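Have a look at the sequence and the fold, and then read on.

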Amino acid sequence: MTDDEAIALAMQEAQAAAMRSEVPVGAVLLSRDGELLAQSGNQIVELKDPTAHAEILTLRAGAAKLENERLLGTSLFVSLEPCAMCSGAISLARVSRVVFAAEDPKGGAVLHGPKFFEQPTCHHRPIIERLGDPEAAGAMLKEFFRIRRS
């Protein structure tokens with residue numbers, strides 16, 4: 001699977017999450033050679049689990065598939081900049097690369113807020129890249145919250 005296909009699949013997972021009344025965030029994990037290891041959208045409401053972010057569910061499924069808690073050489077594609085919790089999990093899992101579409105100035109922890117991977121206490125720093133259509137990802141989130149506020 002190519003990077004473009006992976007970020008597009010993450011966006012599809014985000015749309016599917018929105019259809020389930022979840023905050024529209026999706027994630028996809030690829031192996032070093034581009035094999036699809038795992039994918040998920042947010043399931044916080046569905047699972048009644050505040051940690052059921054798309055990234056966490058995807059990391060768990062990827063670790064189970066590889067039968068290893070270390071996801072060395074993997075790339076995580078996310079529709080939205082990961083939060084602090086997800087950034088911590090990404091670091092602990094030793095994900096090699098994180099690629100996301102939209103920035104999250106309010107809740108993101110990669111380019112915003114705590115800038116998790118820049119902290120001296122961070123034990124593993126993945127490569128951070130941007131890919132995809134940040135406007136589309138942002139619009140999906142804005143529409144989701146606009147509907148809930150009306």
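How many aromatic pairs does a search of the whole structure find? The search finds 2 aromatic pairs.

## About the model

This is a predicted model, in which local features need pLDDT of at least 70 and side-chain atom pairs count only at pLDDT 80 or more, while totals for chains, interfaces and linings use all residues. Residues are numbered from 1 along each chain as its sequence is written, and side-chain values use heavy atoms, with hydrogens and water left out.

## Aromatic pairs

Rings of Phe, Tyr and Trp (its six-membered ring) pair if their centres lie within 6.5 Å; planes under 30 degrees apart count as stacked, over 60 as edge-to-face and the rest as tilted. F116 and F117 form an edge-to-face pair, at 5.6 Å centre to centre and with 85° between the planes. For F144 and F145, the centres are 5.1 Å apart and the planes lie at 85°, so this pair is edge-to-face.

F117 is buried at 7% relative accessibility (buried means under 20% relative accessible area, exposed over 50%, partly exposed in between, with a 1.4 Å probe and protein chains only). F116 is partly exposed at 23%. In the other pair, F144 is buried at 6% and F145 is partly exposed at 30%.

## Helix packing

Helix α1 (residues 3-19) packs against helix α5 (residues 134-149) at an angle of about 5°, with the axes 11 Å apart. That makes α1 roughly parallel to α5 (angles under 35 degrees count as roughly parallel, over 145 as roughly antiparallel, 65 to 115 as roughly perpendicular and the rest as oblique).

The contact (heavy atoms within 4.5 Å) involves M11, A14, Q15 and A18 of α1, and A136, A137, M140 and F144 of α5.

Notes. Axes fitted to C-alpha atoms, helices over the stretch in contact; angles between N-to-C directions. Helix = DSSP H or I, 4+ residues; strand = E, 2+ residues; numbered from the N terminus.
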